[in-house]
Amino acid sequence: MDQTPSRPPLREVLCGDALVLAPLLLGATLTHHGPDGSVAVRLTEIEAYLGPGNSPRPDPGSHAFRGPTPRTLPMFGSAGHLYVYFTYGMHHCVNIVCGPEDEASALLLRAGEVVAGTELAQARRPTSKTAADLARGPALLTKALGITTSDSGRDALAAPFALELPPQPALAVSSGPRVGVAGPGGTADYPWRFWITGHPTVSRYKAARR
């Protein structure tokens, strides 16, 4: 008889602490079944962002730091939903909301490996020189998946999306400062970026300009 303990429902898992979930979701797969086809990305790099009431220290790098706004409202919703924002007037970035409702934690999906729908991802990312570059960075990952701000607030656990945990946790995980976060939230005091050690799709680290 199989004595392997069953996993709790994924929604319940995502209600946990973002700093625990970020490394746990390395190796997880996010699939988007869009009108033009499906793309699946295996997550290799994730950053944790915490809300104003649930952080071991204030998190000024979080969009939720000053409370809810019309844009950040999905962050204050239930775990498992998407928070998508537009940045620099050209890029979309996608997060998975986690933690208890109203606590506004989120996991920024920074990089991944396209494991299904490669041709469609390449069509969306024609400037990529290699397969490893298709989703190497948060804006590139979001574009490869065909996600825009119209998807903000949608459930990552229901069609047209599907999020699946990895069969086993990643064996080698590194952590370090978050990318592109100016001020104290981007320092080594916030080693809240996690990645699969040595994976070729992990983005390059660049300290933010103050």
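Let's start with Asp36 and Arg124. In this predicted model, their side chains meet in a salt bridge, 2.8 Å from N to O. The two residues sit in distant parts of the chain, 88 residues apart. Asp36 is in the loop between strand 1 (29–34) and strand 2 (37–49). Arg124 belongs to helix 3, residues 118–124.

Now the surroundings of that pair. Asp36 is partly exposed, at 48% relative accessible area. Arg124 is buried, at 14%.

Next, Glu45. Which residue does Arg110 form a salt bridge with? Glu45, with the closest N and O atoms 3.1 Å apart. Arg110 lies in strand 5, residues 105–116, and Glu45 in strand 2, so this pair ties together parts 65 residues apart in sequence. How accessible is each? Arg110 is buried, with a relative accessible area of 7%. Glu45 counts as buried too, at 0%.

Glu45 has another partner. It forms a salt bridge with Arg193, and here the closest N and O atoms are 3.0 Å apart. Again the link joins distant parts of the chain: Glu45 in strand 2, Arg193 in strand 8, residues 193–196. That separation is 148 residues. Both Glu45 and Arg193 are buried.

Glu45, Glu47, Arg110 and Arg193 are linked in a network of salt bridges.

And the overall count? The structure holds 9 salt bridges. Among them are Asp36 with Arg124, Arg110 with Glu45, and Glu45 with Arg193.

Key
Residues are numbered from 1 along each chain as its sequence is written. This is a predicted model: local features need pLDDT of at least 70, side-chain atom pairs count only at pLDDT 80 or more; totals for chains, interfaces and linings use all residues. Side-chain values use heavy atoms; hydrogens and water are left out. A salt bridge is a side-chain nitrogen of Lys or Arg within 4 Å of a carboxyl oxygen of Asp or Glu. Helices (H or I, at least four residues) and strands (E, at least two) are DSSP runs, numbered from the N terminus. Buried means under 20% relative accessible area, exposed over 50%, partly exposed in between (1.4 Å probe, protein chains only).
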